[in-house]
Amino acid sequence: MEKILEVKDLELSFHTFAGEVKAIRGVNFDLEKGETLAIVGESGSGKSVTTKAIMRLLSENNTEYKNGKILFNGKDILKLSEKEMQKIRGKDISMIFQDPMTSLNPTMTIGKQIMEPILKHQNVSKDEAKKKAIELLQLVGMPKPELRIKQYPHQFSGGQRQRIVIAIALACNPHILIADEPTTALDVTIQAQILELMKSLQKKINTSIIFITHDLGVVANVADRVAVMYGGKIVEIGTVDEIFYNPQHPYTWGLLSSMPSLDIKDEKLYAIPGTPPDLLSPPKGDAFALRSEYAMQIDLEENPPFFKVSDTHYAATWLLHPDAPQVEPPATIVERMKQFPGSRYYTGTIGGTNK
């Protein structure tokens with residue numbers, strides 16, 4: 001498949017009163033046309049900063065791009081002027097932010113807000129833009145769009161406001177849609193509706209999606225591939241099945257173990273011990289070492305490279321080194337791994353029946 005976006009060796013820092021925060025420390029990934037890549041990790045892992053760097057939305061006053069490239073259709077976004085970026089934002093790359101109420105202007109009708117990017121990036125009349133805005137509201141499942149286009153954000157529910165934000169993001173048929181925790185502020189029922197909406201819209205307009213979340217459960221039915229971030233780095237990347245059923249990094253084990261399960265009753269929910277690293281002075285070795293029960297001496301001294309698990313699956317952990325001792329993942333993870341043909345624990349059975 002054709003790569004539409006490539007992030008190569010990205011390093012960036014924020015200059016603060018406390019010192020230099022090394023927020024992103026060598027991030028590499030690519031995005032193919034029509035695929036959904038989920039980036040997951042705890043708060044502070046660098047997910048949102050990475051995607052805002054792609055949009056060039058970080059303040060130039062205190063942000064320093066120390067290394068790397070962000071190639072969009074072969075052009076390095078980091079070398080473009082602000083005027084050139086304004087032609088890309090909203091037209092070629094759009095973003096759905098976490099809180100729809102802060103994303104919408106309370107003093108403008110939603111019709112004007114949807115029409116704004118259409119009028120800016122497309123050579124159309126106001127009547128044509130209005131017609132397109134109504135079509136977009138229909139596309140995202142808004143009832144009576146001709147009437148509601150004249151209303152203000154406060155007249156809509158949280159789920160409806162998020163649909164409006166999605167309509168604005170899709171106004172110019174972007175090549176890449178970045179969704180930054182778009183369902184976090186919604187209840188689980190509306191969350192499921194928004195996720196289903198995004199899946200159906202992707203098929204209709206064939207856009208590529210980068211989905212940011214701290215909740216692995218959210219991406220199970222949405223993503224094609226998953227990148228796990230920790231301490232400003234990607235520590236594991238693979239297809240959604242590889243990450244869920246054959247995880248290799250102890251941090252991924254921790255994230256999966258902390259997901260509640262309907263199958264397990266009266267079991268205490270796992271919590272990853274400790275706190276994320278202080279990126280004012282990042283650790284010398286593996287950033288997760290101090291929180292991991294599987295850490296070895298080398299984890300404290302050297303940063304692990306990526307080890308190849310399969311053609312699509314890589315993990316940065318010394319546990320995959322040929323000389324490393326073989327450790328047993330948590331019992332809940334082993335149960336998952338029994339269902340994956342590429343796992344050493346594979347039993348050939350799913351749901352108790354032979355495949």
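## Loop residues with positive phi

At 61% relative accessibility, lysine 144 counts as exposed, where exposed means over 50% relative accessible area, buried under 20% and partly exposed in between (1.4 Å probe, protein chains only). The structure is a predicted model, in which local features need pLDDT of at least 70 and side-chain atom pairs count only at pLDDT 80 or more, while totals for chains, interfaces and linings use all residues. Residues are numbered from 1 along each chain as its sequence is written, and side-chain values use heavy atoms, with hydrogens and water left out.

Lysine 144 lies in the loop between α5 and α6 (145-148); helices (H or I, at least four residues) and strands (E, at least two) are DSSP runs, numbered from the N terminus. Although lysine 144 is not a glycine, its phi is positive, at about 50 degrees. Most residues other than glycine have a negative phi. Arginine 56 also has a positive value, with phi near 55 degrees, and is found in the loop between α1 (47-55) and β4. Arginine 56 is buried, with a relative accessible area of 12%.

## The four-stranded sheet

Four strands form an open sheet in the order β2-β1-β4-β5, with antiparallel pairing; two strands pair if DSSP finds at least two bridges between them. At the edges stand β2 (19-32) and β5 (75-76), each of which pairs on one side only.

Strand β4 (residues 63-72) runs antiparallel to β5 and is joined to β5 by two bridges. Opposite lysine 75 in β5 stands phenylalanine 72.

The 14 residues of α5 should span 20 Å at 1.5 Å a residue, and the end C-alpha atoms of α5 are 20 Å apart, which agrees; the expected span of a helix is 1.5 Å times one less than its number of residues. Within α5, the buried residues are Ala129, Lys132, Ala133, Ile134, Leu136 and Leu137. These buried residues pack against α4, α6 and α7, with contact meaning heavy atoms within 4.5 Å. Glycine 141 follows α5 and has a positive phi, near 80 degrees.

Helix α7 (residues 158-169) has 12 residues and reaches 17 Å from its first C-alpha to its last, close to the expected 16 Å. Nine of the 12 residues of α7 are buried, so the helix is largely enclosed by the rest of the structure. Gly159, Arg161, Gln162 and Arg163 are among the buried residues, as are Ile164, Val165, Ile166, Ala167 and Ala169. The partners against which the buried residues of α7 pack are the strands β6 (93-96) and β7 (176-180), together with the helices α3 (100-103), α4 (110-121), α5 (126-139) and α8 (188-205).

## Arginine 225

Arginine 225 belongs to strand β9 (residues 225-230). With a relative accessible area of 15%, arginine 225 is buried. Apart from neighbours within four places in sequence, the contacts of arginine 225 include Asp30, Leu31, Glu35, Thr36, Leu37 and Ala38. Arginine 225 is also in contact with Ile237, Gly238, Thr239 and Val240.

## Cavities

A search of the whole structure finds three cavities of 30 Å³ or more. On a 1 Å grid over the protein atoms alone, a cavity is a set of points where a 1.4 Å probe fits but cannot get out, and a pocket is an open set with protein on both sides within 12 Å along at least five of seven lines; lining residues have an atom within 4 Å of a point. Grid points are joined across faces, edges and corners, and a volume is the space filled by probe spheres set on the points.

The largest cavity holds about 80 Å³ of space. Of its 13 lining residues, Pro250, Asp286, Ser292, Asp299 and Thr317 lie nearest its centre. The second largest cavity holds about 40 Å³, and its lining includes Ile166, Leu170, Met198 and Thr207. Helix α8 gives the most to this lining, with four residues.

## The second largest pocket

The second largest pocket has a volume of about 510 Å³. It is lined by 21 residues, of which Gly90, Met95, Phe97, Pro117 and Ile168 are the closest to its centre. At least two lining residues come from each of β6, α4 and α7, and α4 gives the most, with five.
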